[in-house]
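I opened the model today and kept notes in the order I looked things up. The entries run from the whole chain down to single side chains.

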Amino acid sequence: MQVHAQASDEADPAVAELIAARPHLSMHPMDGLVLEDVPLNAVADALGTPVWVYGAGTMRRRLAELTSALSDLPIHIHYAVKANDHLAVLKIFAAGGAGADVVSEGEFARARHAGIAARDIVFSGVGKTVAELRLALAQGVGQINVESAAELAMISEVARALGRTAPVALRINPDVDAGTHAKITTGKAENKFGIPYAEAAALYAHAASLPGIEPVGIALHIGSQILSFAPYRAAYARAADLVRDLRAGGQRVARVDCGGGLGIGYRDDSGASPIAFAGALRGAFAGLDVELMVEPGRWLVGPAGLLLSTVVLTKADEKFVVIDAAMNDLVRPAMYDAWHAIVPLSAGNAVGAARPVDVVGPVCESGDTFANARLLPALAAGDRVAILDAGAYGAVMSSTYNARPLAPIALVDGSRWAVIRPRQSISDLWAMERVPDFLPG
Ligand code: LLP
């Protein structure tokens, strides 16, 4: 399945089809594109472009939909903070009952700052440092997902020194191909993640014997933007087998952390169904008497975020549409060949004959391309567009490459909206820099 490739045989959906597939968006004849109840032109008028806009109601609704689909399972949702770590986003998910999945001291601190209790935080990641482990354990982190024997030894030492017991889950590598882009597949044997399946049982027994360690279960995460459930079923079946083997060997296994990865529909499809996800979980774990955890990121926030941009100019007989957003803002197309829908902000621009154009940014790299040969209605300098489904792995992956300040972020909630991060100023770009005295002048 060509979920990420730009070079796809699928025809580009028309603007109307893209909007119809997204209940949080609508096109009004006068106001243009509307997110929840806020016309996006109003945000762009006030803040300029490029600008990110997130829909709080959309995030809440998606968390509620996922929670409801999973409601007959003994499960807890830990939002994967890496997808979008803004404090307001964390607060929305925490208020909806989610805990957090974090992978760094910074994410741990953000989650705590947003009011998420340490016991509701899972610390994942393949290279947690001693300092990070110490901080997490001192605050009473809910679970540490261990990715190697070396890390297990580190945790035991840190926990002992603090006089704490670390609740750990062993992250196993089930050697299953998630069928997604190579850069975001994580559950194959050759990937750096997790403990080889064949070594997991012995390491679990070893963990149980170590001071300062309480093995609470196993964890797995096979990749991201997963749209087919066969890989989930295969990986979860292996996890369930491991739980049975461990218990047969006398180990206590209370939890299985099933990871994230649920894909969204970047075109006019609806993405992975939470109901089908619940089915895969139930199929593997029903009757096993384990608590389950999931760590979704993209599915919860991806569709809720947009990046608004203005056409700077067109060139080469309108083959290129140069916009004021770039790969430094949204890197996914350049990095993963990701296909993001692009729709005009004005109703007048959304109709009319579509023709293939390359939508590109101003950064000095050919990879600074949002879309190749994309069928779009005519766009001229000054027209605005929205790049859709940019709420996950969007602003969090931005850089200031080409000395481009970080774009501002607005949060819409129904008919209200507020700035939740102002535009970075030009002088902010060098505010942290120091020029040593020994340099001339
Ligand atoms: N849990 C673990 C251990 C993870 O590594 C990840 C994502 C998640 C949960 C959340 O996965 P999600 O539900 O969002 O698929 N930057 C890439 C995606 C990288 C995903 C990394 N790990 C992109 O823009 O497609």
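I took accessible areas from the Shrake-Rupley method with a 1.4 Å probe. On that basis the accessible surface of the protein chain comes to about 17,900 Å², and carbon and sulfur atoms hold 55% of that area.

**Confidence.** This is a predicted model, so I checked pLDDT before reading any detail. The mean for the protein chain is 95, and 98% of the residues reach 70 or more. Residues 1-7 have pLDDT below 50, although this stretch has 24 contacts in the model beyond near neighbours in sequence.

**Overall build.** I counted 13 helices and 21 strands in the protein chain. The C-alpha atoms fill a box of roughly 70 × 60 × 40 Å along the principal axes. Of the 441 residues, 55% count as buried. I also looked at contacts with a separation of 6 or more: 71% of them join residues 24 or more positions apart.

**Salt bridges.** The structure holds 15 of them.

D12 and R267 meet through their side chains at 4.0 Å, N to O. D12 sits in the segment before α1 and R267 in the loop between β12 and α10, 255 residues apart. R267 is buried, at 7% relative accessible area.

K82 pairs with D101, with 3.8 Å between the closest N and O atoms. K82 is in the loop between β5 and α4, while D101 belongs to strand β6, 19 residues apart.

D329 and R404 form a salt bridge at 3.0 Å, N to O. D329 lies in the loop between β15 and α12 and R404 in the loop between β19 and β20, so the bridge ties together parts that are 75 residues apart in sequence. Both residues are buried.

**Surface patch.** Which residues form a nonpolar patch on the surface? I found V435, F438 and L439, with about 370 Å² of accessible area together. F438 is in the segment after β21, a strand that spans 416-421. F438 counts as exposed because its relative accessibility is 70%, and the cut-off for exposed is over 50%.

Key
Residues numbered from 1 in each chain as written. Predicted model: local features only at pLDDT ≥ 70, side-chain atom pairs only at ≥ 80, totals over all residues. Heavy atoms only, no water. Patch = residues over 30% accessible without salt bridge, like charges linked within 9 Å, V, L, I, M, F, W, Y side chains within 5 Å. Helix = DSSP H or I, 4+ residues; strand = E, 2+ residues; numbered from the N terminus. Buried < 20%, exposed > 50% of the residue type's maximum accessible area, 1.4 Å probe, protein only. pLDDT = per-residue confidence, 0-100. Contact = heavy atoms within 4.5 Å.
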